Amino acid sequence: MCGGACGDVYESPSLAQKYPHVAGLSTVGQSVEGRQLWVMRIARDPDRKSLGKPKFGYVGNMHGNEAVSRQVLVCLLARYGEEERITELVNGTDVCIVPGMSPDGFERSTEGDCSGDHSGRNNAKNKDLSGGFPDQFDKSNVDPADIPEVMEVMRWIQEMGFVLSGGLHGGTLVASYPFDDSASHEQEGHYSPSADDGLFRQLALVYRECRIIRQVVFLRNFIIEQETCSQ
Ligand SMILES: [Zn+2]
């Protein structure tokens, strides 16, 4: 998405030092194995309260072996001041990103291995963090002590008062809206709209259309690159 300009998110402390005018680093809490759940605030003057700007919260890498979302953070920082759209976005909003919610799972992951639960998808207690969040109809049967990552992120989200937040996964192109459950406990084939269903559908549509445009641009650039190389 952003070529060679992007490093890895666990350069987060050095990223905040490198881009102090737009990046402020703090931590939401710790994982089972004591790794920090870093949160990077991206805004103009990140050390001051930004009144009147909408706050957005994003959580990435909730499944430890889905690492692509971590790079979104780095792109927002590295392209600020260079790419008009990103500069406008950062100037007009207050964005907080937890790029790695499952650092323990990430550490156990092997690049290129996307095969399932024992390849870093779950946390160090072998719990699926995505399934650890509350359900509107059923009580969770997961012990909170086994999912400190979820408990810390929930506390943080409630504290922050975001106007919009989302979780970024990897592996396929899906936009799922809240809530994907049902009062009758049917797991499939039941549409369960939230109060803001219209908004979430619109956002999903915009995401899909932008994604298609990005793929076309990527393909065009790839073809140009190939043609240049073959000359
Ligand atoms: Zn996932």
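**Entry 1: helix α5**

I began with α5 and listed its buried residues: Pro148, Glu149, Val150, Val153 and Trp156. I count a residue as buried if 20 or more other C-beta atoms lie within 10 Å of its own, as exposed if 12 or fewer do, and as partly exposed in between, with C-beta atoms placed from the backbone. I took helices (H or I, at least four residues) and strands (E, at least two) as DSSP runs, numbered from the N terminus. The model is predicted: local features need pLDDT of at least 70, side-chain atom pairs count only at pLDDT 80 or more, and totals for chains, interfaces and linings use all residues. Numbering starts from 1 along each chain as its sequence is written.

Next I asked what the buried residues of α5 pack against. They pack against β1, β2, β3 and β4. For contact I required C-beta atoms, placed from the backbone, within 7 Å.

I then checked the length of α5. The expected span is 1.5 Å times one less than the number of residues. For the 13 residues of α5 that gives 18 Å, and the end C-alpha atoms are 18 Å apart, so the two agree. Glycine 161 follows α5 and has a positive phi, near 65°.

**Entry 2: the whole chain**

I counted 6 helices and 5 strands. Along the sequence I read α-β-β-β-α-α-β-α-α-β-α. The chain has 231 residues, and 28% of them count as buried. I looked at contacts between residues at least 6 apart in sequence; 68% of these join residues at least 24 apart.

**Entry 3: the sheet**

In which order do the 5 strands lie in the sheet? I found β1-β2-β4-β3-β5, in an open sheet with mixed pairing. Strands pair here if DSSP finds at least two bridges between them. β1 (23–30) and β5 (164–168) are at the edges with a single partner strand each, so one side of each has no neighbour in the sheet. From one strand to the next, the twist averages 20°.

I went back to α5 (residues 148–160), which packs on the sheet and touches β1, β2, β3 (55–60), β4 and β5. Its direction makes about 130° with that of β1. Axes are lines fitted to C-alpha atoms, for helices over the stretch in contact, and angles run from 0 to 180 degrees between N-to-C directions.

I followed β1 into β2 (residues 36–42): the two pair antiparallel over 6 bridges. Threonine 27 is opposite tryptophan 38 of β2. Leucine 25 has methionine 40 of β2 as its bridge partner. The hairpin has 5 residues between the strands, and glycine 34 in it takes a positive phi near 85°.

Beyond four places in sequence, leucine 77 contacts Leu15, Tyr19, Val22, Ala23 and Ile42.

**Entry 4: methionine 101**

Where is methionine 101 found? I located methionine 101 in the loop between β4 (94–98) and α4 (103–108). Why does methionine 101 count as buried? Because it has 27 C-beta neighbours inside 10 Å. Not counting residues up to four places away in sequence, methionine 101 touches Leu37, Val59, Gly60, Asn61, Met62, Leu129, Glu149 and Val153. Methionine 101 and valine 153 are 52 residues apart along the chain, with C-alpha atoms separated by 8.1 Å.

Methods. Two residues are in contact if their C-beta atoms, placed from the backbone, lie within 7 Å.
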